[in-house]
Amino acid sequence: MHSTWKDAYKIGIEEIDQTHEHLFALFNEFVELCGKRAPLQTLLSRFHTLISYVEVHFAEEEQIMQDRGYEDFADHKDIHSHLICDAKEVAKDLARAEDSDDMLPYIHCLQSLIIEHILRQDRQITAH
Ligand SMILES: [Fe+2]
Ligand SMILES: [Fe+2]
């Protein structure tokens, strides 16, 4: 699944929008590498880079929410923690994969969860 970034996904906070756009690019690069049958070790290390990027993004986003006094901060932070747990579970599955095709369903699932989070909860940060 190649997901094209659209301006409609912007929430109106520049730092957040830029990292979201970069996150789309990282997922797409990863899916392309799977399609090119890159070595499993390369894919795994790219995936760990992707998770680290997501973790840094979540921390930055949480700081921005706190600075703005966002009232649903605690629930949003909880959702971030769950997404990171999901991503770490995917990393475990990937470490057991024998073929890059095995990785795609997990990656697509995680990609959908994160995109959905951006479109639903992140959007709420500026909706008030
Ligand atoms: Fe976000
Ligand atoms: Fe978020």
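Predicted model: local features only at pLDDT ≥ 70, side-chain atom pairs only at ≥ 80, totals over all residues.

Me: Take aspartate 75, where does it lie? And is it buried or exposed?
Reply: Aspartate 75 lies in helix H3, which covers residues 73-96. Its relative accessible area is 52%, so it counts as exposed, the cut-off being over 50%.

Me: Let's move to salt bridges. How many are there?
Reply: The count comes to nine salt bridges. One of them joins the side chains of aspartate 101 and arginine 37, with an N to O distance of 2.7 Å.

Me: Which parts of the chain does that pair link?
Reply: Distant ones: aspartate 101 is in helix H4 (residues 100-124), while arginine 37 is in the loop between H1 and helix H2 (40-67). The two are 64 residues apart.

Me: Which residue does lysine 77 form a salt bridge with?
Reply: Lysine 77 pairs with glutamate 62, and their closest N and O atoms are 3.4 Å apart. This pair also links distant parts of the chain, with lysine 77 in helix H3 and glutamate 62 in helix H2, 15 residues apart.

Me: Why does glutamate 62 count as buried?
Reply: Because its relative accessible area is 13%, and buried means under 20%.

Me: What about glutamate 116 and arginine 120?
Reply: Their side chains meet in a salt bridge too, at 3.5 Å from N to O. Both residues are in helix H4 and are four residues apart, so about one helical turn separates them. Glutamate 116 is partly exposed, at 42% relative accessibility.

Me: Which residues are joined into one network by salt bridges that share partners?
Reply: Those are Arg37, Asp99 and Asp101.

Me: Changing topic: where is histidine 20, and is it buried or exposed?
Reply: Histidine 20 sits in helix H1, residues 14-35. It is buried, with a relative accessible area of 0%.

Me: What is histidine 20 in contact with?
Reply: Leaving aside neighbours within four places in sequence, histidine 20 contacts Trp5, His57, Glu61, Ile118 and Asp122.

Conventions
Residues numbered from 1 in each chain as written. Chains lettered and ligands numbered in written order. Heavy atoms only, no water. Buried < 20%, exposed > 50% of the residue type's maximum accessible area, 1.4 Å probe, protein only. Contact = heavy atoms within 4.5 Å. Salt bridge = Lys/Arg side-chain N within 4 Å of Asp/Glu carboxyl O.
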